[in-house]
Amino acid sequence: MPVKQHATRFLRLAQIMIADTKNVKLSKSKKMRKKIFLIFAAAALLTSSCTNNSEDAAIPDVTETKSVYLQVDLSKETKTRSDENTATGTSAQLRSALIYFLDGSADPVIFDIRTVGVGGSDVTLSQIEEGYRFDGIPSSVTQVYVVGNYNSSDTQGNDADFPMTDGMLLSDIQSVVLNIQEVSHGSLTDGTTIDGLYSVMDGRSTITEYDTASNTWNGDTDLTAGDLYANVLISPIVARIEIEEIEYTGSLLSNLTVEGIYINYFYPEAPLSLDLTDDTYINNGSDVDSYDRDNADFAYSYYMAMFDYLNEAIVTADGTTVTPNNEVWAYQVFGSSNPVPHIILKITGITATNGTFIGTRYVTVRGYLDANGTEITEFERNTIYKITNLEFDDDNLEIFPETESQSVWVHVEVTPWVTVIVTPVI
């Protein structure tokens with residue numbers, strides 16, 4: 001290998017190791033990194049001095065750093081229309097974040113990492129939401145990638161394991177595999193009330209120079225012309241289904257009980273990149289045993305966020321409907337899910353108006369229509385598909401779930417994390 005390449009590699013490694021040497025206060029570990037940097041830098045300079053290649057003079061000063069103003073915003077772009085009176089818990093919230101400072105290569109290299117809102121974090125949530133200046137950022141950094149709520153864990157105590165080592169690649173971060181429980185906290189499906197709604201989120205932005213004429217900075221810190229800044233919009237990587245009410249609109253039954261709500265066609269795991277290229281989704285199919293919550297082989301036993309046990313009766317004589325205790329029944333699925341998730345209602349204790357006991361039947365919602373009556377073929381991330389009233393009648397009740405003969409189409413309202421009203425198709 002040419003001597004110049006040896007020197008360049010030394011300098012590259014040293015730059016990564018000393019990414020934050022210009023912070024005001026250096027810890028003992030950072031001082032050690034600075035010493036290591038000096039060793040590498042000296043070795044590189046000695047090596048490079050052995051060649052007469054005039055291009056060596058063009059190698060930049062690797063100790064050069066810069067300051068970057070950064071603000072993280074929750075993405076709230078409008079899709080079809082915004083529902084200002086949406087149910088409790090439909091506003092995405094941030095509680096922690098990892099900030100990756102990257103270079104501009106095709107698969108960017110991580111040059112610095114900062115933490116937000118967790119123990120030992122570099123900055124607080126309020127600081128990053130208002131706009132915060134990071135000092136000592138390596139000069140090679142040209143973009144910022146943020147992962148929000150990265151330390152959320154599932155009910156079995158598993159934590160999302162995101163890389164936190166300088167010198168790794170953006171693809172290393174986005175290849176981390178998450179299960180649906182890690183991602184979909186606060187789905188309200190366990191009957192408990194939570195304070196806020198948290199989901200794993202991400203977003204990426206290029207660092208640019210501030211132009212006072214364009215006034216593109218949203219933070220509360222006054223920037224001067226030429227200052228470097230980035231506004232990073234982050235949004236949930238999941239889509240969300242919300243049901244506000246279930247209603248029987250037929251005339252042949254005197255009473256029935258909505259025992260449970262089940263979700264089919266959802267991915268139990270996905271990488272942060274949401275590369276869902278295979279058929280690894282869960283579908284319990286038409287086997288009625290799969291919809292028995294006491295069944296030891298119940299496919300949702302490890303993904304309880306995809307199932308609700310209601311056991312609530314509808315008495316048709318007085319027009320009673322079933323509504324949730326916490327404003328909505330909500331289920332979060334990985335974005336870009338295709339086929340779209342199905343909703344299964346298990347109806348038990350059915351009795352006809354003539355007194356005949358019928359027993360158990362199922363209602364399958366297999367499709368959704370938007371406000372214009374157009375079929376929704378894919379669930380997008382950062383989007384809520386909201387069913388204000390899931391109506392079914394006598395013709396929609398089937399002996400088996402997921403049958404081809406009968407299905408319900410529902411209208412939904414679709415909005416960013418924030419809401420989509422959908423019409424179920426049975």
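Predicted model: local features only at pLDDT ≥ 70, side-chain atom pairs only at ≥ 80, totals over all residues.
Trainee: What makes the contact between Asp-112 and Arg-114 a salt bridge?

Mentor: A salt bridge requires a side-chain nitrogen of Lys or Arg within 4 Å of a carboxyl oxygen of Asp or Glu. For Asp-112 and Arg-114 the N to O distance is 3.1 Å, so the pair meets the rule. By this rule the count comes to six salt bridges.

Trainee: Why is Asp-112 called buried?

Mentor: Buried means under 20% relative accessible area. Asp-112 has 3% relative accessibility and therefore counts as buried. Arg-114, with a relative accessible area of 8%, is buried as well.

Trainee: Which parts of the chain does the salt bridge between Arg-381 and Asp-202 link?

Mentor: The side chains of these two residues meet at 2.7 Å, N to O. Arg-381 is in the loop between strand S19 and strand S20, whereas Asp-202 belongs to strand S9, 179 residues apart.

Trainee: Is Glu-244, the partner of Lys-386, buried or partly exposed?

Mentor: Glu-244 stands at 22% relative accessibility, so the residue counts as partly exposed. Lys-386, at 2%, is buried. The closest N and O atoms of this salt bridge are 2.8 Å apart.

Trainee: How do you know that Asp-222 is exposed?

Mentor: Exposed means over 50% relative accessible area. The value for Asp-222 is 70%, and the residue is therefore exposed. Asp-222 is found in the loop between strand S10 and strand S11. Together with Glu-129, Glu-130 and Asp-220, Asp-222 forms a negative surface patch.

Conventions
Residues numbered from 1 in each chain as written. Heavy atoms only, no water. Patch = residues over 30% accessible without salt bridge, like charges linked within 9 Å, V, L, I, M, F, W, Y side chains within 5 Å. Areas by Shrake-Rupley, 256 points an atom, 1.4 Å probe, with all protein chains shown as cover. Lys, Arg positive; Asp, Glu negative; His and termini not counted. Charge placed at Lys NZ, Arg CZ, Asp CG, Glu CD. Helix = DSSP H or I, 4+ residues; strand = E, 2+ residues; numbered from the N terminus. Buried < 20%, exposed > 50% of the residue type's maximum accessible area, 1.4 Å probe, protein only.
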